[in-house]
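Subject: Structure handover and findings

Hello,

Please find the structure below, followed by notes on what was found in it. Please read the notes with the coordinates open.

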Amino acid sequence: MIVPVNQPLIAKNSLKYVTECIKSGWVSSQGKFISSFEEGFAKFLQVKFATTTTNGTNALHLALASLNIGSGDEVIVPNLTIISCPLAVLYTGAKPVLVEVEKQTGNIDVSKIESKITKKTKAIMVVHLYGHPAELDPILKIAKKHKIFVIEDAAQAHGATYKGKKVGSIGDVGCFSFYANKIITTGEGGMLTTNNEKIFKKAMLLKDLAHSPKKRFFHHHIGFNFRMTNMQAALGLAQLEQVDKYIEKKRWMADLYNKLLKDQENLELPIEQDFVRSVFWMYAVKLKGKIKRDFLRKKLLDFGIDTRTFFFPLHRQPVLKRKIPLNYEAFPVSDDLAARGFYLPSGLAITKPQIYFVSKTIKKILNGI
């Protein structure tokens, strides 16, 4: 592969911190790097509380459980997102309720939310798709009106801002992933963030097998083992030290792609609404006209350029069709975006020559059709 779809940057202090962790013997879920990473991430986000988890999916699961969401409850979920979102809801025994997305960003369509709210609805899960923040103010207004929670899935949006505030700090709970392709990575890992002390304490209890605070190995609740290791946190801390540089690299990448591809009539380039600051986690484009997305992707692969499609819409997922009644509801926007959308090589390690090569190749293929 000449240009992989994603290649991470590993911060220079990573080896130093991980080596220190190994030499100390504190390699499991306790040690100074856990607390340093959590405190540093909370400061970065400007929230009161942050706690590490094993991955982003478990951060979502933990958030739902910490809000006492369970059997018989419903959670609003955008229809175009990774399967982790509805699965986390199903893990609790609750039901995901799918809502259509809007055309420009693929984020949840605010105008469609309220019609899906019932007496069973306990939360709205907001996904900041591909690094572009969703429109949170009207969502928060709806949530307040119906007395339900807002969970932000900011896995793809580390450092992105909505009206000057970092996503993951605005709703009741924020959830992050630190998978290898994320802006901050710990290999695998996640984080739950909140300004609510009650939610935080419940999350801290549940993520560590729910040991009784007064008597270890004595349990009143069903807990989980969602603990990150000190070694992962050591890597995460080193990455966190570079996060501002990483975000600027992402924005530089998107700006260069925009300049090189702006004249291509067959491509819809990603937008940035004026009330947000996107981090362009992935440079997500959509094809227009008669050109087939999969044809273009295959041609790019012939040149050694890897790409990824958008997520499959949730209403098309076989596992969800078996688990929740969809009543033959149509999601035309989700279907359209999923059919036309894909993202170009966008990793933090991408170089200027690689972006020029990708752009030149795309133009060569499109103009040759």
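In the counts by class used below, Ala, Val, Leu, Ile, Met, Phe, Trp, Tyr, Cys and Pro are nonpolar, Asp, Glu, Lys and Arg are charged, and the others, Gly among them, are polar. The model is predicted.

Cavity

By these classes, the lining of the largest cavity has nine nonpolar residues, five polar ones and one charged residue. A search of the whole structure turns up one cavity of 30 Å³ or more. The space in this largest cavity comes to about 180 Å³. Its lining is made by 15 residues, and those closest to the centre are Q104, T105, Y130, P270 and A284.

The largest pocket holds about 480 Å³ of space. It is lined by 26 residues, with I82, Y179, N181, K182 and W281 the closest to its centre. Two or more lining residues come from each of α3 (56–66), β8 (173–177) and β13 (308–309). The class counts for this lining are 12 nonpolar, 10 polar and four charged residues.

For the second largest pocket the space is about 380 Å³. There are 19 lining residues, and S29, Q30, K207, D208 and R227 lie nearest the centre. At least two residues of the lining are supplied by each of α2 (32–45), β1 (49–53) and α6 (197–207). The largest share belongs to α6, with three residues. By class, the lining divides into eight nonpolar, six polar and five charged residues.

Seven-stranded sheet

Seven strands form an open sheet with mixed pairing, in the order β1-β9-β8-β5-β4-β2-β3. At its edges are β1 and β3 (95–99), each of which pairs on one side only. Direction ignored, neighbouring strands of this sheet are turned against each other by 25 degrees on average. Within the sheet, β5 (residues 149–153) and β8 run parallel and are joined by three bridges. Here I151 stands opposite V173 in β8.

Which strands does α2 touch where it packs on this sheet? Helix α2 touches β1, β8 and β9 (190–194), and its direction makes about 130 degrees with that of β1. Helix α6 also packs on the sheet and touches β1, β8 and β9, but its direction makes about 20 degrees with that of β1. Both helices return from the account of the second largest pocket, where α2, β1 and α6 each give at least two residues to the lining. Strand β8, for its part, gives two or more residues to the lining of the largest pocket.

Four-stranded sheet

The other sheet to report is open and has four strands in the order β10-β12-β14-β13, with antiparallel pairing. Its edge strands are β10 (267–268) and β13, each pairing on one side only. Strands β12 (residues 283–287) and β14 (residues 341–344) run antiparallel and are joined by four bridges.

Helix pair

Two packed helices are described by the angle between their axes and the distance between the axes. The axes of α8 (residues 243–261) and α12 (residues 352–367) come within 10 Å and cross at roughly 35 degrees. The crossing in which α8 passes α12 is right-handed. On the α8 side the contact is made by W252, M253, L256, Y257, L260 and L261, and on the α12 side by K352, I355, Y356, V358, S359, I362 and K363. By class, this contact has 10 nonpolar residues, one polar residue and two charged ones.

Regards

Terms used. Residues numbered from 1 in each chain as written. Predicted model: local features only at pLDDT ≥ 70, side-chain atom pairs only at ≥ 80, totals over all residues. Heavy atoms only, no water. Axes fitted to C-alpha atoms, helices over the stretch in contact; angles between N-to-C directions. Left-handed = near helix turned anticlockwise from the far one by under 90°. Contact = heavy atoms within 4.5 Å. 1 Å grid on protein atoms, 1.4 Å probe; cavity = no way out; pocket = protein on both sides within 12 Å on 5 of 7 lines; lining within 4 Å. Points joined across faces, edges and corners; volume = space filled by probe spheres on them. Pairing = 2+ DSSP bridges.
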